[in-house]
Amino acid sequence: MKIGVLSDIHIDINYIDRDEVTPAICSAVKVRSLDMMIIAGDVASDYKLVIESMEDIEKYTGIPCLYIPGNHDIWTENYPDLTSWDIYEKLKGFPRNLTKEPYMFGRDWIVIGDIGWYDFSFGDTGYSFDDFSRMKYGERVWQDSIKAVWGKSTHEMHSYFLHKLENQLKTYQNKKVIIVTHVLPISDFTVLPPDPMWEYMNAFLGSREYGELILRYPNVKYAISGHVHYRKRKHIQNTEFVCSCLGYRTEWFENDDAGTEVERALMTINIDD
Ligand SMILES: [Fe+2]
């Protein structure tokens, strides 16, 4: 079984005249003969567009496309009357949204996942809790501080997702697990020094607690994440950590179209089911 993994496809930000990203993903699925897709969040900050795009991938490829939201997907900028919780619930209108329920396949595989949040643990220790709580570096404001309207603190959100995932891992110890979070579970995928801004902003990329949780369960074979717009893999103990982001058009190789860049970013995992 071949599974394609991609994240941060940002079809709204990458839109020029038309959406080129969704058709590019559909054609890559066919070229690689994939049996399943996993999209690890940041599709669009418009839940209707997210659902439509995930449904299109399934319709045009005929394979399941598993999805979890990213932080952009729960932003309220386009729906000021809704909270991020409202949008999080509306995103469950897509049946293969893993925040709704895990997805089982093959004899003994299960895919679990949720957005996750951050607890500042990847930020430079030279900064204080209050520094990180401001979510501002010079003039640059971390947009979640304005657009992610949970009505809860950053740490409460992090704990909420941590406990949800922990309960699922406890439940499925007899399965081979693929876990998907939008945020990073390991510091290896954060932005490396020297970059003074990212020594601060790394605080908002994830939490080492997700990684520690994952590594306590040797039955977790793959841990997929996104958020940082990198394309990296790293094997730790029994688990392959995968981060494969498409990212913004402005970050692509010059003159590349969506098709070329999706081919570059898309990672495949081969599973003996
Ligand atoms: Fe993100």
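Which helices each supply at least two residues of the lining of the second largest pocket? In this predicted model, local features need pLDDT of at least 70 and side-chain atom pairs count only at pLDDT 80 or more, while totals for chains, interfaces and linings use all residues. Residues are numbered from 1 along each chain as its sequence is written, and side-chain values use heavy atoms, with hydrogens and water left out.

The answer is helix 1 and helix 2 (47-61), each of which gives at least two residues to that lining. Helices here are DSSP runs of H or I with at least four residues, strands are runs of E with at least two, and both are numbered from the N terminus. Helix 2 provides the largest share of the lining, 5 residues. The lining residues are I11, Y15, D19, T22, P23, C26, L49, E52, S53, D56 and Y60, and the space in this pocket comes to about 150 Å³. A pocket is an open set of points on a 1 Å grid over the protein atoms alone, where a 1.4 Å probe fits and protein lies on both sides within 12 Å along at least five of seven lines; lining residues have an atom within 4 Å of a point. Volume is the space filled by probe spheres set on the points, with grid points joined across faces, edges and corners. By class, the lining splits into 6 nonpolar, 2 polar and 3 charged residues (nonpolar: Ala, Val, Leu, Ile, Met, Phe, Trp, Tyr, Cys and Pro; charged: Asp, Glu, Lys and Arg; polar: the others, Gly among them).

Helix 1 and helix 2 also pack against each other, at an angle of about 35 degrees and with axes 10 Å apart. Axes are lines fitted to C-alpha atoms, for helices over the stretch in contact, and angles run from 0 to 180 degrees between N-to-C directions. This crossing is right-handed, that is, the near helix is turned clockwise from the far one by less than a right angle. On the helix 1 side, T22, I25, C26, V29 and K30 meet S53, D56, I57, Y60 and T61 of helix 2, contact meaning heavy atoms within 4.5 Å. These residues divide into 5 nonpolar, 3 polar and 2 charged.

Helix 1 (residues 21-31) has another partner in helix 9 (residues 258-265), with an angle of about 55 degrees and axes 9 Å apart. The two are therefore oblique to each other (angles under 35 degrees count as roughly parallel, over 145 as roughly antiparallel, 65 to 115 as roughly perpendicular and the rest as oblique). The crossing of helix 1 and helix 9 is right-handed. V21, A24, I25, A28 and V31 of helix 1 touch A258, G259, V262 and E263 of helix 9, a contact with 7 nonpolar, 1 polar and 1 charged residues.

Elsewhere, the axes of helix 6 (residues 154-171) and helix 8 (residues 208-215) come within 11 Å and cross at roughly 10 degrees, which makes helix 6 roughly parallel to helix 8. H158, F161, L162, L165, E166 and L169 of helix 6 pair up with E209, Y210 and L213 of helix 8. By class, that contact has 6 nonpolar, 1 polar and 2 charged residues.

The largest pocket has a volume of about 360 Å³. Of its 21 lining residues, R140, W142, W198, H227 and Y248 are the closest to its centre. Strand 7 (140-141) and helix 5 (144-147) each contribute at least two residues, and the lining has 9 nonpolar, 6 polar and 6 charged residues.

Most residues other than glycine have a negative phi, and most peptide bonds are trans. The bond from P193 to P194 is cis, with omega near 0 degrees; P194 sits in the loop between strand 8 (176-181) and helix 7 (196-201). H10 has a positive phi, near 40 degrees, and lies in the loop between strand 1 (2-6) and helix 1.
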